[in-house]
Amino acid sequence: MQDNPSQRPDRRRFLRAAGAASLAAGLPWATTAATATTHDSAWPTRPIKWVVPYLAGTSPDTAARIVAEALSAQLGQPVVIDNRAGAGGNIGARQVAKAPADGYTLLYSGSPMAAAMRMYKSPGYDVFKDFRHVLGMSRSDILVVVHADSGMRTLDDLAARAKARPGALDYASGGVGTPSHLGVEMLASSMGLQVNHVPYKGASELVNAVLGQQVAFGAPLFSVAYPKVLAGKLVPLAIAGPQRNAKLPQVQTLAELGVPNVNLTSWGGVSVPAATPEPIVQRLRTALEEVLRQPRVIALLEQEGGKVAITSADAYAKGFEREIQFTQSMMQRVGIQPI
């Protein structure tokens with residue numbers, strides 16, 4: 001709740017008096033608590049940095065920029081995107097884990113960050129100990145694509161080519177532990193295919209690798225592949241999600257194509273350093289929920305191929321638990337060792 005400006009002088013005098021009384025009573029913690037409360041209630045008083053641990057132009061970056069613009073207006077302070085890509089998102093996550101817990105550094109967190117807890121021997125952070133998860137905000141489908149000149153038009157075409165030349169087909173991912181990596185490994189395992197993983201730095205580079213025919217196929221985020229599909233440069237073979245996407249209703253899900261156990265989406269949200277005070281987290285959460293319900297924000301996110309999916313802090317945290325368990329079971333299933 002905002003302070004009433006007319007009451008602020010009296011409140012300041014009360015806090016000063018409370019602090020003086022606590023010192024006289026030998027209770028210095030009361031002064032600290034009063035000061036912290038005043039500081040937290042004033043948040044934010046300066047620009048906020050939102051670390052996106054992926055390259056500019058990727059789906060998470062685009063989603064964060066759409067939300068950041070509206071969030072700036074909601075909070076009355078600029079929300080500035082800071083891209084810190086690398087190591088499957090670990091570089092940016094580490095930075096935020098070590099940042100001051102004052103509400104001025106946010107993290108675009110999500111499924112790759114959870115997968116990294118198993119994909120890397122030492123990711124440099126713990127998703128539960130080092131962060132408070134504010135809320136989940138969006139999901140995106142995964143699209144299996146090939147180059148338009150590849151001669152492949154269906155998932156069966158891809159399977160036939162891979163089986164004719166075991167181990168000869170390369171596929172691109174957006175990095176180790178990303179949905180574009182884990183999804184293809186599970187797909188290949190389910191279909192009995194031997195393919196080679198070539199990691200790139202993000203979904204945009206993944207798509208460029210397929211466009212340049214440096215690899216045979218890939219499974220990028222829907223939002224990144226969609227414009228190239230519309231332009232006729234990429235051919236979609238399947239959607240690795242629970243249902244078809246309204247933008248490409250003719251493209252079947254993997255389950256419809258006879259691969260029922262590969263159901264992947266990429267999801268993301270907002271996290272902050274673990275010690276961030278509750279009043280700040282509550283105000284941030286409220287502001288984000290209001291922003292994510294704005295028709296303009298919803299339309300822009302859907303235009304990019306994403307879907308608004310507001311989840312509570314508890315539900316978002318449980319999503320990390322499920323993703324970690326899934327990653328571990330998938331790694332054991334296909335024989336992937338941590339790096």
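These notebook entries record what I looked up in the structure.

**Entry 1: The model**

I noted that the model is predicted, that local features need pLDDT of at least 70, that side-chain atom pairs count only at pLDDT 80 or more, and that totals for chains, interfaces and linings use all residues. Residues are numbered from 1 along each chain as its sequence is written, and side-chain values use heavy atoms, with hydrogens and water left out.

**Entry 2: The sheet**

I first looked up how the strands are arranged. Helices (H or I, at least four residues) and strands (E, at least two) are DSSP runs, numbered from the N terminus. Two strands pair if DSSP finds at least two bridges between them. Strands of a sheet pair through backbone hydrogen bonds, either parallel or antiparallel.

I found an open sheet of six strands with mixed pairing, in the order E2-E1-E3-E10-E4-E11. Its edge strands are E2 (79-83) and E11 (306-311), each of which pairs on one side only. On average, neighbouring strands of this sheet are turned by 25° against each other, direction ignored. For such angles, axes are lines fitted to C-alpha atoms, for helices over the stretch in contact, and the angles run from 0 to 180 degrees between N-to-C directions.

I then looked up a helix on the sheet. Helix H3 (residues 59-75) packs on the sheet and touches E1 (48-52), E2, E3 (105-110) and E4, where contact means heavy atoms within 4.5 Å. The direction of H3 makes about 160° with that of E2.

How many residues of E3 are buried? I take buried to mean under 20% relative accessible area, with exposed over 50% and partly exposed in between (1.4 Å probe, protein chains only). Six of the six residues of E3 are buried, so the strand is largely enclosed by the rest of the structure. Both faces of E3 are covered: Thr105, Leu107 and Ser109 are buried on one side, and Leu106, Tyr108 and Gly110 on the other.

I followed the pairing of E3 next. E1 and E3 pair in the parallel sense over three bridges, and lysine 49 stands opposite threonine 105 in E3. E3 and E10 (residues 265-273) run antiparallel and are joined by four bridges; here glycine 110 stands opposite glycine 268 in E10.

Serine 138 stands opposite valine 308 in E11.

**Entry 3: Helix H9**

I listed the buried residues of H9 (residues 222-230): Phe222, Ser223, Val224, Ala225, Tyr226 and Val229. Their cover includes H3, E4, E5 (143-147), H8 (203-211) and E9 (234-239). Just after H9, glycine 232 takes a positive phi of about 80°.

**Entry 4: Cavities**

Rolling a probe the size of a water molecule over the atoms shows where empty space is left. On a 1 Å grid over the protein atoms alone, a cavity is a set of points where a 1.4 Å probe fits but cannot get out, a pocket is an open set with protein on both sides within 12 Å along at least five of seven lines, and lining residues have an atom within 4 Å of a point. Grid points are joined across faces, edges and corners, and a volume is the space filled by probe spheres set on the points.

I found two cavities of 30 Å³ or more. The largest cavity holds about 40 Å³ of space. Which helix gives the most to its lining? Helix H7 (residues 179-191) does, with three residues. I counted Ala, Val, Leu, Ile, Met, Phe, Trp, Tyr, Cys and Pro as nonpolar, Asp, Glu, Lys and Arg as charged, and the others, Gly among them, as polar. The lining of the largest cavity has eight nonpolar, one polar and no charged residues.

**Entry 5: Pockets**

The largest pocket has a volume of about 550 Å³. It is lined by 46 residues, and Tyr54, Pro60, Pro112, Ala203 and Leu221 lie nearest its centre. H3 supplies the largest share of this lining, four residues. By class, the lining of the largest pocket has 23 nonpolar, 19 polar and four charged residues.

The second largest pocket holds about 410 Å³ of space. Among its 23 lining residues, Arg139, Thr265, Trp267, Arg322 and Glu323 are the closest to its centre. I recorded nine nonpolar, nine polar and five charged residues in the lining of this second largest pocket.
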